[in-house]
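Me: I would like to learn how to read a fold feature by feature. Can we work through one together?

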Amino acid sequence: MAGMHAWFDISAGVAGDMLLGSLLDAGADAAAVAAAIEAVAPGSVRLEAEQVVRGGQRATKARVRVLVEDPPHRSWSTIRATLTAAALADVTRERALAAFGLLADAEARAHGIDADAVHFREVGALDSLADVVGSCEALRTLADEKIDWYPEAF
């Protein structure tokens, strides 16, 4: 896969399930993605993927089914601890921590608080956690470390 590039135009935002679906459609290892998700939320979510046609275009639709009662309020420190303790590939963990870290920093600036005091709402829900971790693992399985990651660009 040398010489491959991943380009996402997310200037208007991006939904986690859509990003994950596009990566699965591009050939990411679905079993590895599901295992990474299970590592951060054991027995709590299930990854489903199906082929859909929307507007005449075929795509893979990813859906994370939450299997347990899930209060969506989680602090950045709780998410960081969960990601740190999970059995993930190092690059997957680093990317997921970077993504949530950027969100925590933005929330902290918006509310004038320390990032460790941030309580995520929808982004703290299990399905969002699974979307982020799943997308990071999908990128790893597609190109390992051949895809450049520039979190500092944000």
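**Reading the model**

Reply: Start with α5: 14 of its 18 residues are buried, so α5 is largely enclosed by the rest of the structure. Buried means under 20% relative accessible area, exposed over 50%, and partly exposed in between (1.4 Å probe, protein chains only). Helices (H or I, at least four residues) and strands (E, at least two) are DSSP runs, numbered from the N terminus. This is a predicted model, where local features need pLDDT of at least 70, side-chain atom pairs count only at pLDDT 80 or more, and totals for chains, interfaces and linings use all residues. Residues are numbered from 1 along each chain as its sequence is written, and side-chain values use heavy atoms, with hydrogens and water left out.

Me: What pattern does the protein chain follow along the sequence?

Reply: The pattern reads α-α-β-β-β-α-α-β-α. That comes to five helices and four strands. Of the 154 residues in the protein chain, 36% are buried. Now look at contacts, meaning heavy atoms within 4.5 Å. Among those between residues at least 6 apart in sequence, 64% join residues at least 24 apart.

Me: How do I check the span of a helix?

Reply: The expected span is 1.5 Å times one less than the number of residues. Take α5 (residues 126-143): its 18 residues reach 26 Å from first C-alpha to last, close to the 26 Å expected. Helix α4 (residues 90-111) has 22 residues and should span 32 Å; its end C-alpha atoms are 31 Å apart, which agrees. Glycine 112 follows α4, with a positive phi near 65 degrees.

Me: Which residues of α4 are buried?

Reply: First, the general idea. An α-helix has 3.6 residues a turn, so residues three or four places apart point the same way. In α4 the buried residues are Val91, Thr92, Arg93, Arg95, Ala96, Phe100, Gly101, Ala104 and Ala108. They pack against α3, β4 (119-120) and α5.

Me: Is leucine 83 buried or exposed?

Reply: Leucine 83 counts as buried, at 0% relative accessibility. It sits in helix α3. Leaving aside neighbours within four places in sequence, leucine 83 contacts Val40, Leu88, Arg93, Ala96, Leu97, Phe100, Leu129 and Val133.

Me: What is the relative accessible area of arginine 80?

Reply: The value is 28%, so arginine 80 is partly exposed. Arginine 80 also belongs to helix α3 (residues 76-85). Beyond neighbours within four places in sequence, it is in contact with Leu97 and Asp116. Arginine 93 is 13 residues away in sequence, and 9.6 Å from arginine 80 C-alpha to C-alpha.

Me: Which residues does glutamate 137 touch?

Reply: Not counting residues up to four places away in sequence, glutamate 137 touches Ala32, Val33, Ala36, Ala89 and Thr92. Its place is in helix α5. At 4% relative accessible area, glutamate 137 is buried. At 19%, serine 128 counts as buried. With the same exclusion of residues up to four places away, serine 128 touches Phe100, Glu122 and Val123. Serine 128 and glycine 16 are 112 residues apart in sequence, yet 6.8 Å apart in space, C-alpha to C-alpha.

Me: How many bridges join β1 to β2?

Reply: Two strands pair if DSSP finds at least two bridges between them. Here 10 bridges join β1 to β2, and the strands run antiparallel. Glutamate 50 has lysine 61 of β2 as its bridge partner. Arginine 46 is bridged to arginine 65 in β2. The two strands form a hairpin with two residues between them, and glycine 55 in the turn has a positive phi of about 60 degrees.

Me: Which residues line the second largest pocket?

Reply: Rolling a probe the size of a water molecule over the atoms shows where empty space is left. On a 1 Å grid over the protein atoms alone, a pocket is an open set of points where a 1.4 Å probe fits, with protein on both sides within 12 Å along at least five of seven lines; lining residues have an atom within 4 Å of a point. In this case the lining is Asp17, Met18, Gly21, Ser22, Val52, Arg54, Ala59, Thr60, Lys61 and Ala62. The elements giving two or more residues are α1 (16-25), β1 (45-54) and β2 (57-66). The pocket holds about 200 Å³ of space, a volume being the space filled by probe spheres set on the points, which are joined across faces, edges and corners.
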